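Hello,

Here is the structure we talked about. My notes on it follow below.

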Amino acid sequence: MVEWVRLAVPAAIVAAIGSPSYAIQYLTVEQSRKLSFPSATDFVPIDAQAWKVASDGKTVGRYIVDHVIGKHLYIDYAVTLDAGGRVQRVDILQYREAYGGEVRDRSWLNQFVGKSSASTLQVGVDIRNISGATLSCHHLTEGIKRIVNRYGKDGR
Amino acid sequence: MEKTADSIIRARPLLGTLVEITARGTDGRQLERAVDAAFAVVECVHCLMSYHEPRSDVSRLNRANGRAPVVIHEWTVAVLKASIDLQRRSKGSFNIAVGAALERLGLLPSSIGPSARIGAVGQGAVELLPRNCARLLVPGNRIDLGGIAKGFAVDQAAAVLRASGVVGGVVNAGGDLFVFGPDEQAVGIRDPRNPARLMAHTMLREAALASTALGFDPVATDRPSHSSIIDPRSGEPVVAMSGATVRAPSCMIADALTKIIMIGGRDASEVLEHYGASGLFMTRNGDVLATADWEDVHTLAA
């Protein structure tokens with residue numbers, strides 16, 4: 001049977017305040033609008049965050065950009081509503097964590113030690129993917145509900 | 001959309017978390033279509049297997065309450081088959097019949113009365129019947145695929161990307177992920193005591209990694225609060241472990257095995273070995289143990 005080996009892990013410390021944040025830009029607003037409404041001819045502003053979308057004079061839906069802010073998470077997202085005010089898709093535009101900037105920092109990565117001498121650690125390797133406890137989308141779900149209430153009612 | 005794009009990264013809120021897909025290929029439009037299709041598959045798995053969706057296979061099985069066979073999707077059949085195997089091999093520490101216990105703890109919406117129970121050790125939760133039919137074995141039981149369906153969705157999304165000609169990439173559903181294609185990827189593992197930090201990292205290629213920790217909501221707090229892992233043998237929340245991470249050939253298996261480690265700790269090694277998986281866990285007092293076969297897992301030096 002496979003044995004268990006003890007690994008060295010330092011005691012938990014609180015993340016340094018003011019550590020650089022970790023951000024990913026998935027889509028610009030422009031890219032997201034094109035993906036959501038490939039055949040749209042007009043984006044008529046409703047207010048600072050919402051547009052009525054038309055294709056050859058016919059309203060095909062609405063496009064809304066919003067953000068949710070939590071203690072450690074900042075998410076910009078776009079909601080696409082069809083002509084009937086129903087949610088068609090939700091795209092994350094930008095995702096930021098108020099921590100995790102260290103992931104890209106070379107000197108910080110140098111602190112990782114392999115447990116075998118034949119370490120395959122690639123120094124300076126870019127850790128883009130993180131496995132860990134599930135991020136809650138609670139705030140995002142609430143944000144989408146607010147948007148549907150505000151912009152989906154008179155969608156026609 | 002750039003035609004020359006060789007890599008795109010997109011994210012959508014699905015499965016109650018953020019699902020992020022990275023896809024590499026030669027044609028930007030093709031990548032965009034493939035990623036769309038992969039998100040659609042994740043949504044489809046959600047519709048079939050969510051406890052919260054009244055029309056899901058899971059809800060229909062629970063409502064039928066074992067009285068009559070229910071026709072379900074072949075994907076649900078596949079997940080139930082795997083669940084039965086995992087339950088048997090883990091001697092009951094994996095059991096999808098935890099719906100009632102999770103409801104009592106307020107972790108799932110309440111649908112049933114206090115009479116609902118968890119299947120006894122060794123007792124199967126469901127019976128699979130011919131022609132994609134199934135039924136609950138014990139009336140009053142409630143099945144929940146929350147401990148395995150997310151991993152299955154990740155596997156299916158990766159399969160769709162591959163079939164669409166995507167050369168390589170990553171599907172990451174809130175920390176449960178699969179890396180496919182020729183390139184090795186570095187993956188960080190969060191410290192379950194403090195999601196603001198990584199505690200380890202590893203390299204992955206054609207493999208899945210899944211993690212489980214005591215529940216916390218990083219939007220509201222950075223401290224673990226409650227446990228959302230139930231020991232099916234007692235019906236009580238698991239408190240001995242802070243978190244567990246598993247590397248396995250499929251994300252469905254990795255996802256399920258994290259629960260078996262959270263409950264069994266060292267005792268999980270036989271099950272891990274059977275599924276060709278490696279694992280690590282952190283106890284509540286901060287000790288981290290990993291299976292000896294996991295050569296390229298690196299921890300932050302103490």
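Of the 156 residues of chain A, 33% count as buried. Please keep in mind that this is a predicted model. Chain A contains 3 helices and 9 strands, and along the sequence they follow the pattern β-β-α-β-β-β-β-β-α-β-β-α. If you take the contacts in chain A between residues at least 6 apart in sequence, 48% of them join residues at least 24 apart.

An open sheet of 9 strands has the order 1(A)-15(B)-14(B)-13(B)-10(B)-7(B)-6(B)-2(B)-1(B), with antiparallel pairing. Strand 1 (4–7) of chain A and strand 1 (7–14) of chain B stand at the edges with a single partner strand each, so one side of each has no neighbour in the sheet. From one strand to the next, the twist averages 15°. Strands of a sheet pair through backbone hydrogen bonds.

One pair to look at is strand 13 (241–248) and strand 14 (278–283) of chain B, which run antiparallel and are joined by 6 bridges. Met241(B) has Thr283(B) in strand 14 as its bridge partner. Helix 6 (251–264) of chain B lies across strands 7, 10, 13 and 14 of that chain, at about 150° to strand 13. Helix 1 (28–49) of chain B lies across strands 1, 2 and 6 of chain B, at about 25° to strand 1.

Chain B is divided into domain 1 (57–136) and domain 2 (184–302). Their contact takes 16 residues from domain 1 and 15 residues from domain 2. On the domain 1 side, helix 3 (74–89) and helix 4 (99–104) of chain B give two or more residues each, and helix 3 gives the most, with 3 residues. That side divides into 11 nonpolar, 4 polar and 1 charged.

Regards

Key: Residues numbered from 1 in each chain as written. Chains lettered and ligands numbered in written order. Predicted model: local features only at pLDDT ≥ 70, side-chain atom pairs only at ≥ 80, totals over all residues. Domains from an automatic or database assignment. Contact = placed C-beta atoms within 7 Å. Helix = DSSP H or I, 4+ residues; strand = E, 2+ residues; numbered from the N terminus. Nonpolar A, V, L, I, M, F, W, Y, C, P; charged D, E, K, R; others polar. Buried ≥ 20, exposed ≤ 12 C-beta atoms within 10 Å, placed from the backbone. Pairing = 2+ DSSP bridges. Axes fitted to C-alpha atoms, helices over the stretch in contact; angles between N-to-C directions.
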